[in-house]
Amino acid sequence: MTSTTAAAQLAGLSATTLLRFATAGSVDDGKSTLVGRLLHDSKSVLTDQLEAVEHASRARGAEGPDLALLTDGLRAEREQGITIDVAYRYFATPRRRFILADTPGHVQYTRNMVTGASTADLAVVLVDARNGVIEQTRRHAAVAALLRVPHVVLAVNKMDLVAYAEPVFAKIAEEFTAYATELGVPEVTAIPISALAGDNVVEPSSNMDWYGGPTVLEHLETVPVSHDLTSCHARLPVQYVIRPQTPEHPDYRGYAGQIAAGTFRVGDEVTVLPSGRTTKVAGIDLLGRPVDVAWTPQSVTVLLEDDLDISRGDMLVPSSDTPTSTQDIAATVCHVADTPLRVGQRVLLKHTTRTVKAIVKQIPSRLTLDDLSQHPNPGILAANDIGRVLVRTAEPLALDAYADSRRTGSFLLIDPADGTTLAAGMAGEAFARAEAPASAADDEDGWDF
């Protein structure tokens with residue numbers, strides 16, 4: 001390949017859009033096989049990778065390559081035949097670039113599904129055609145809805161094991177779509193597939209001529225992805241203050257971070273939170289060079305006209321579009337720790353680059369996955385529960401509603417004793433109806449804010 005050809009190909013790829021998507025499904029529904037089939041049939045597997053998989057498959061006595069081994073990268077995953085960790089893969093077709101997250105299906109690894117789907121534009125939820133919609137399917141649909149994943153694909157897998165019967169697919173698609181719609185999922189695309197045989201993954205299936213929709217890859221290549229930066233609230237959490245104090249830059253003082261949302265321009269009037277002081281953007285450095293404008297998710301250094309007291313954890317926002325600061329945060333959380341989350345529990349709350357002390361003041365409700373009803377005042381949330389919480393923080397935080405910004409509307413609850421992540425939280429209204437917070441008594445031992 002000549003340098004000119006390579007440059008042309010890179011230029012072509014950079015011109016295509018990027019789609020981040022995650023796969024989810026119960027154990028043995030075929031997630032890893034689907035991902036492996038997608039990579040293999042789209043010619044996105046290197047020769048030595050495929051040879052390694054073929055060698056490992058023969059050692060296990062398999063007749064053909066086990067494509068699931070392309071993504072089950074951990075030794076423990078291969079030994080158990082299940083996915084444990086989130087496996088990220090990058091691939092591209094002439095029409096689009098992709099970052100996919102193959103997430104575990106076992107219920108105890110729901111936290112990893114939350115991780116994989118938190119930045120996804122699309123979620124592929126797999127269902128075994130023989131089993132239909134089960135509790136874990138409902139949980140994955142609820143997590144996708146909670147995380148506001150814009151597009152959901154229902155992949156009804158293993159159609160070869162139900163004789164490619166259309167009624168089986170239609171019944172599952174109808175049940176799942178009704179459930180997801182009630183959760184508020186804006187769009188569901190149902191596709192009958194066999195990941196093992198390759199039906200409707202990359203190539204249309206001759207075994208299901210009754211299906212006239214897109215294949216999985218065709219849908220991934222054509223689903224619209226919105227990158228309308230002008231509609232986002234501009235937010236820059238400060239990660240680091242740069243003061244080189246060198247002879248070349250004696251007075252340089254910049255505030256570095258990744259733009260969480262929106263666009264910043266030189267000359268913009270900005271407010272520093274939580275202090276509330278205002279100034280103007282005097283300059284923006286991107287990759288060591290000054291620019292007039294920068295946008296999410298670029299990492300930049302912003303210079304300001306005034307010398308203000310700014311440190312890690314502060315946030316720069318447009319003065320005309322500031323979020324409301326509050327110490328009382330109502331949110332929906334997905335509890336991911338093995339130990340329950342309890343009313344009165346002391347936690348740390350991490351929001352962007354800022355971490356503060358907090359107390360769980362109330363747990364107004366827990367979602368019942370079967371019928372989407374709310375169990376009132378459960379007192380605790382167990383592992384993998386989804387529920388509403390009211391959290392009181394030691395200091396005011398500037399959170400957006402998660403519906404407005406997935407980056408600055410989300411947070412983590414952390415165990416202050418050992419740093420374990422307890423729950424992933426989404427501020428404001430989710431798919432569940434918010435409960436009115438009740439007055440809570442003051443706490444003891446100095447954790448009363």
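Two strands are said to pair if DSSP finds at least two bridges between them, and the strands themselves, like the helices, are DSSP runs numbered from the N terminus, with at least two residues (E) required for a strand and at least four (H or I) for a helix. The structure is a predicted model, in which local features need pLDDT of at least 70 and side-chain atom pairs count only at pLDDT 80 or more, while totals for chains, interfaces and linings use all residues. Residues are numbered from 1 along each chain as its sequence is written, and side-chain values use heavy atoms, with hydrogens and water left out.

The chain holds 8 helices and 25 strands. Of its 449 residues, 49% are buried, where buried means under 20% relative accessible area, exposed means over 50%, and partly exposed lies in between, with a 1.4 Å probe and protein chains only. The chain exposes about 20900 Å², of which carbon and sulfur atoms supply 49%; such areas come from the Shrake-Rupley method with a 1.4 Å probe, and for residues only the protein chains shown count as cover. If a contact is taken as heavy atoms within 4.5 Å, then among the contacts in the chain with a separation of 6 or more, 70% are accounted for by residues 24 or more positions apart.

Another cis peptide bond runs from Thr296 to Pro297, with omega near 5°, and Pro297 lies in the loop between β14 (293-295) and β15 (299-304).

Positive phi values in residues other than glycine occur at Lys158, near 65°, and at Gln245, near 50°. Lys158 is found in the loop between β5 (151-157) and α7 (166-183), and Lys158 counts as buried because its relative accessible area is 18%. Gln245 is found in the loop between β8 (240-242) and β9 (254-258), and Gln245 counts as exposed because its relative accessibility is 54%.
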